[in-house]
Every structure is written in structure tokens, then in C-alpha cells.
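This report describes selected strands, helices and aromatic contacts of one structure. Please consult the sequence and the model alongside the text.

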Amino acid sequence: MKTPFSRMLYGGDYNPNQWPREVWEEDMRLFQKAGINSATVNVFSWAKLQPNEGTYDFSELDDVIDMLGRENYDIVLATSTGAMPAWLVKNYPEVARVDFEGRRHKFGQRHNHCPNSAVYQKFAGKLVEELARRYGKNPHIACWHINNEYNTGCYCENCEKAFRIWLQKKYGTLEAVNAAWNTEFWGHTFHEWDEIVAPSGLSDGMGFGWTRKTAFAGISIDYDRFLSDSLLENYKMERDIIRRYDPDTPITTNLMGTYKGLDYFKWAKEMDIVSWDNYPAYNTPWSETAMRHDLMRGLKGQPFMLMEQTPSQQNWQAYNSLKRPGQMRAQSWQTVAHGADTIQFFQLRRSKGACEKFHGAVISHSGSGETRVFRECAQLGAELQALGDQLLGAGNPAEVGVIFDWDNYWALEYTSGPSVDLKYCAQIHQYYRYFYEKHIPVDMIPVDADFSRYKAIVAPVLYMVKEGVAEALEAFVEAGGTLITGFMSGIVDQSDNVHLGGYPGPLRKLCGVWAEEIDALAPEQSNTLRFAGGGESKCGLLCDILHLEGAQAIASYGGDFYAGTPAVTRNNCGKGVAYYVGTQPDQDGLAKILDQFAQDGGLAPLIQEETPLEVVRRVKDGTEFWFILNLTGQPQPAPENFRGETDVLTGEAVGGQLKPFDALLVKR
């Protein structure tokens with residue numbers, strides 16, 4: 001695959017403007033010692049670049065870029081538009097957001113602009129043009145970094161007006177809007193466009209933040225789509241300005257994994273390369289981190305940039321534990337294994353004040369190059385430097401596609417019932433975890449992907465089935481593919497209106513079942529799965545009461561009034577097979593189902609040997625790069641398959657055991 005870089009970028013966010021000049025010289029010495037070859041600069045410098053409405057001052061940024069250029073750094077140049085200057089909010093209060101509770105914000109924090117403010121767009125656009133004109137031909141600029149961690153949530157009058165225009169483009173008429181939103185319910189019929197308001201906590205929204213619900217999911221889902229599109233237009237505005245002065249350098253913005261607010265598959269189509277910020281908590285399963293990497297790779301089906309991770313602890317989580325010795329290195333190689341062509345940190349030097357002063361950095365408050373964290377960063381830098389460009393652009397071949405869809409993410413969690421514990425990412429992750437533990441590679445794919453590229457498609461909680469999706473899945477299975485879906489699938493259309501005629505709606509024929517009712521089990525309740533071939537497991541959360549319509553039951557319920565009825569089914573369709581899982585099995589039960597699914601799909605693990613180690617393969621020009629990662633925190637036996645081969649990172653033969661957080665790379 002094509003990569004835009006000539007070497008693997010190793011560096012991160014650098015803020016020399018926070019320090020006196022003599023510190024800059026020390027930074028250059030320490031960065032060289034750590035093997036750092038890139039720096040992301042100018043992320044939050046708007047207030048310094050433009051001290052007032054009519055004045056620009058690039059003198060300090062000129063010096064920073066000149067210094068990094070002399071040191072032969074690859075520069076990731078940010079546009080600074082992620083944090084507005086105080087004068088802009090003071091002079092034009094409408095540039096600030098109105099939150100879900102209806103409060104107009106004052107100057108403060110960051111990521112705080114209204115995406116539909118013409119004033120914000122005007123001043124942000126002018127700043128970007130000044131930057132692009134000044135630095136667009138600089139050979140050391142390796143990537144443009146627009147804004148920073150875009151996030152959503154504005155309910156002001158500007159957004160309401162823009163929302164109405166967005167709706168007119170999508171639906172054409174108010175009659176179509178009323179039909180889509182089922183506004184006959186609760187007397188919500190709209191007769192004029194200006195009667196439509198943003199679904200905030202003052203109108204049809206209910207609750208707070210991303211835990212909120214809504215009286216009209218159709219309205220709220222459309223508003224989420226609108227906000228995602230609005231911010232994407234902000235991104236495209238900046239990108240297009242840069243392109244007028246710099247036609248070639250890749251342009252990105254840093255995404256945030258499974259962040260709920262933005263439809264990243266749609267965003268990725270407008271980005272030259274995907275970049276993202278990886279901040280797992282102390283107790284985040286490694287499989288979940290791997291899933292997010294695979295999602296970021298899947299957005300464009302190509303390698304991505306790791307724009308941010310911390311060398312050690314974070315500062316903003318509930319419990320900001322240190323990374324154990326070796327953990328940062330192992331985590332970095334996990335990132336590379338799943339498709340990263342860069343490793344970058346936030347931050348290179350630890351800030352001395354404000355809310356991120358305790359966020360980890362390559363250079364700590366001590367300023368020393370002898371700390372444990374610095375030594376580990378230097379080790380990783382030396383390894384990346386020795387590897388050179390061998391891995392750049394390498395692919396991650398996979399035979400399994402796991403569907404991830406932001407419309408489904410929003411819609412499923414807006415549902416009023418059947419269970420408050422139904423969470424989209426958790427449902428996807430429990431399936432992903434099986435393939436992770438079995439060393440079966442997967443791609444995270446959108447609902448409009450080319451399914452024919454895969455042997456098997458995994459589609460849990462495919463709650464919203466939009467036009468054409470059911471037909472594509474049916475064609476995939478009939479041609480010989482293997483599909484698994486289940487409860488809360490095929491329920492609604494793109495406007496959250498139920499597909500009438502029985503669940504799972506347009507998937508009913510494909511799956512060969514009809515779900516008559518859905519029982520919700522409280523956390524203290526459970527049922528039993530009894531497998532046709534023998535064995536039992538627990539199940540809970542939801543239980544579909546199923547009728548067979550051509551499918552075969554491979555497990556039935558063991559309790560309650562629906563004991564003995566089908567719970568998990570398998571249906572032959574054309575040359576392929578469709579599985580339907582009508583409840584949430586425990587981990588062992590799900591594994592038993594997926595073992596059969598994998599056998600039907602002809603899915604082969606990368607290695608046959610069972611091991612708690614993570615084993616990942618990237619491929620480039622016929623060469624295989626095998627990553628063997630011990631993320632368990634305990635010593636583990638090395639897989640027999642690799643013993644005696646050379647670990648590219650150390651030059652030593654693979655022995656019989658891996659230390660805690662050890663990482664090996666074998667080239668075949």
C-alpha cells in the first residue's frame with residue numbers, strides 16, 4: 001500500500017513556545033538522544049499567531065520551523081484552529097457554542113467553536129491561508145494537521161438555521177420530514193421549516209452528554225448526522241485552503257477511535273491519511289485497543305498515523321496509572337502491528353502548568369535524559385530507526401469483516417428500551433475479542449463495504465438496516481459467505497422507524513427466523529443456553545423469542561416461559577450460511593457459537609498454537625512481518641512456531657519465554 005512518508009515518523013506534540021529559548025537547545029539534544037525525528041507544532045497557537053483581529057505574528061513559529069528544519073525533522077504542522085483566541089470570543093460571542101442544556105459558553109477551554117458560525121469560519125480560514133502561504137512550500141513539512149480532536153455539540157440559533165437547510169437538502173419537503181420522524185406521535189407535525197428546533201435538553205432531547213435519550217430518535221439521529229457533517233465542512237474548508245498553496249503534502253486531523261460524535265467513515269473519505277489518539281485506561285482490555293487500531297486502519301483500508309499516545313501516565317482519567325516497564329514499547333509495537341506508520345506522543349516536554357501538567361512526556365519536569373521513561377523512549381527510537389522504511393505501507397490481510405457503523409451507534413443507544421445496558425461498542429467488542437484471542441485477523445468495515453472481499457461478515461446489533469444493506473448481505477451469503485448477526489438487528493430504517501412485518505425485518509428471510517418478542521433481563525437475572533450438540537452456558541441482557549422459518553436451532557433456552565424455544569440458529573442460504581444469536585451468551589457460550597461459525601467460514605488462525613500472546617502479521621511485497629506481543633504483564637512461553645528465529649528488534653534468537661511486556665518482530 002502507498003505511504004506518504006519516507007521514514008516512520010517518531011516524535012509528537014512539541015510546544016517550544018511554552019519555554020525560553022535556552023530550553024529549545026536542550027530539547028534538540030535530548031530528542032536526538034531519544035531517536036526522535038519528527039515534531040507536531042502549532043497545535044494551540046492561534047492567540048500567539050494573531051494577537052488581535054488585524055495583526056499576525058509568525059516570528060516565533062518561523063524560528064521553531066527553522067530550528068526543526070536544520071535538525072532534519074519531519075514537521076507535522078497544525079493549523080491552530082482548535083482553540084480560539086480570547087479576543088475572537090469577546091468581539092464575536094456568537095462563535096462560542098451553545099451546549100445541550102441551552103447555555104451559551106464564554107471564552108475558555110478548547111474545541112469550543114460553533115461549526116456553523118460564519119465569523120469563526122472567516123477568521124479560521126484567514127489564519128489557515130496565512131499559514132499555507134507562508135509554509136506551504138517548506139520541504140520539511142511532512143503533514144498538515146487540521147484543528148485538533150474535533151468533537152461535536154452545538155445547539156445555537158446558527159446551527160438550527162443550518163440544520164433546516166441540511167434537512168431541505170436531504171428530504172426536499174416538510175411532508176417527507178414529518179414522515180421520516182413519525183411526527184404524528186405526540187402531535188409534533190411541522191407546518192413551517194422554522195418550527196424545527198435543535199433537539200437539545202430544552203426541546204426533545206433528554207438526559208446529558210452521550211448517555212442522553214430523546215423523545216424522537218429520528219430527529220436526534222439526523223441532528224447528529226448534521227453536526228458531524230458541519231464539522232466535516234470546517235475540516236474541508238481548511239483542507240481546501242491549504243491545497244491552493246500546497247498540492248501534495250498529506251493532510252489529516254486526529255480522530256479518537258470509537259468516539260461517538262462523528263461519522264469517521266464519512267470523514268475518512270476526505271482525509272489523505274487517518275490519524276488518531278490512543279489513550280486506553282489502566283483497565284482497558286488489550287483486545288479493545290487492538291479493535292480501535294483496526295477501526296482506524298479500516299476507515300480507509302490503509303495504514304494510519306498514531307498522532308498521540310502518552311509515554312507513561314495520562315492526567316485526565318479517573319486513575320492515571322504509570323505504564324509498567326516495557327509497556328509503552330509493547331503498546332507502540334502493537335500499534336505498528338495493526339497498521340500504524342508513525343508513533344507520536346503527547347507530549348515531548350511536560351508542561352509546567354494548567355490541566356495537563358501531569359500528563360506524561362518524553363522529557364519530564366526533571367528535564368533529565370536519565371529517567372526510566374526517557375530510556376524506554378530512546379530504546380524504541382533506536383529500534384524504529386534500525387527498522388527504517390521496511391514496514392511503511394505494509395498491509396494487514398484479513399478474511400473477516402466486522403461491521404461498525406455510526407448511524408447504528410447513535411440509533412441503538414437512543415432507543416428507549418429494551419435495556420439501559422445495551423451499548424454498541426461493547427457488543428462489537430465481545431465478537432472482536434473472540435477473533436483477537438484466536439489470532440484470526442479482522443478488518444473493521446462500514447455497512448457499504450465490498451463484502452465479497454471476505455469469507456465471513458460479523459454484524460452484531462445491526463439495529464438500523466438502511467437501504468441496500470440487507471440485499472448486499474443476502475447476496476454475500478448466497479454467493480458462499482458466512483454471516484453472523486443477532487438480537488436488535490434489522491429493527492429500524494434510516495429514520496429509526498420500525499421495519500414492519502416482524503423482527504428482524506429485512507434480515508428475516510436471510511436468517512430464517514421470526515422474533516416475536518424481546519425479553520430484557522436485569523443484571524441479576526440470567527437464562528441458560530442448551531446446545532444441540534451438548535453443553536450449556538449462561539446468557540442474559542436480552543432474549544429474543546424466536547420461531548424457526550427455515551433455520552435450524554443450534555441452541556435453545558433452558559429457562560423461563562420460553563424454555564425449549566430457539567435461541568441461536570443457523571440457516572443455509574444459497575451457497576452460504578447465516579447465523580442468528582438471539583441473546584447475549586457468556587464468553588464461553590459465544591466462543592462455542594463462533595467456533596462453529598469460523599469452521600463454516602473456513603477461517604484459519606495465524607498460528608494453531610493456543611497462547612495468551614498477541615500475534616499479528618503485516619505483509620509488504622511478499623515479506624511477512626510477524627509481531628509477537630506479551631501484553632499480559634506476566635512471563636509467557638514463546639510460541640513454538642517462532643523459537644529459534646531472529647527477533648529483528650534485538651538481533652537475538654527467539655527463546656523459550658517472553659518477559660512481561662516483551663515485543664518481538666520476526667521477518668519471513
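## An open antiparallel sheet

Three strands make up an open sheet in the order β23-β24-β27, with antiparallel pairing; strands (E, at least two residues) and helices (H or I, at least four) are DSSP runs numbered from the N terminus, and two strands pair if DSSP finds at least two bridges between them. The edge strands, β23 (614-620) and β27 (663-667), each pair on one side only. On average, neighbouring strands of this sheet are turned by 20 degrees against each other, direction ignored. Axes are lines fitted to C-alpha atoms, for helices over the stretch in contact, and angles run from 0 to 180 degrees between N-to-C directions.

Seven bridges join β23 and β24 (residues 623-629) in the antiparallel sense, and Arg617 has Trp626 in β24 as its bridge partner. Helix α11 (residues 327-337) lies across β23, β24 and β27 and runs at about 145 degrees to β24, contact meaning heavy atoms within 4.5 Å.

## Basis of the model

The model is predicted: local features need pLDDT of at least 70 and side-chain atom pairs count only at pLDDT 80 or more, while totals for chains, interfaces and linings use all residues. Residues are numbered from 1 along each chain as its sequence is written, and side-chain values use heavy atoms, with hydrogens and water left out.

Strand β3 (residues 74-78) is largely enclosed by the rest of the structure, because five of its five residues are buried (under 20% relative accessible area; exposed is over 50% and partly exposed in between, with a 1.4 Å probe and protein chains only). Asp74, Val76 and Ala78 point one way from β3, and Ile75 and Leu77 the other way.

Four bridges join β3 to β2 (residues 38-41) in parallel, with Ser38 opposite Asp74. Four bridges also join β3 to β4 (residues 141-145), again in parallel; Leu77 has Trp144 as its bridge partner there.

The buried residues of α5 pack against several elements, including β3, β4 and α8 (217-245). Among these buried residues is Phe123, with a relative accessible area of 2%.

Tyr92 and Phe123 form a tilted aromatic pair, 5.6 Å centre to centre with 45 degrees between the planes. Rings of Phe, Tyr and Trp (its six-membered ring) pair if their centres lie within 6.5 Å; planes under 30 degrees apart count as stacked, over 60 as edge-to-face and the rest as tilted. Tyr92 is partly exposed, at 21%.
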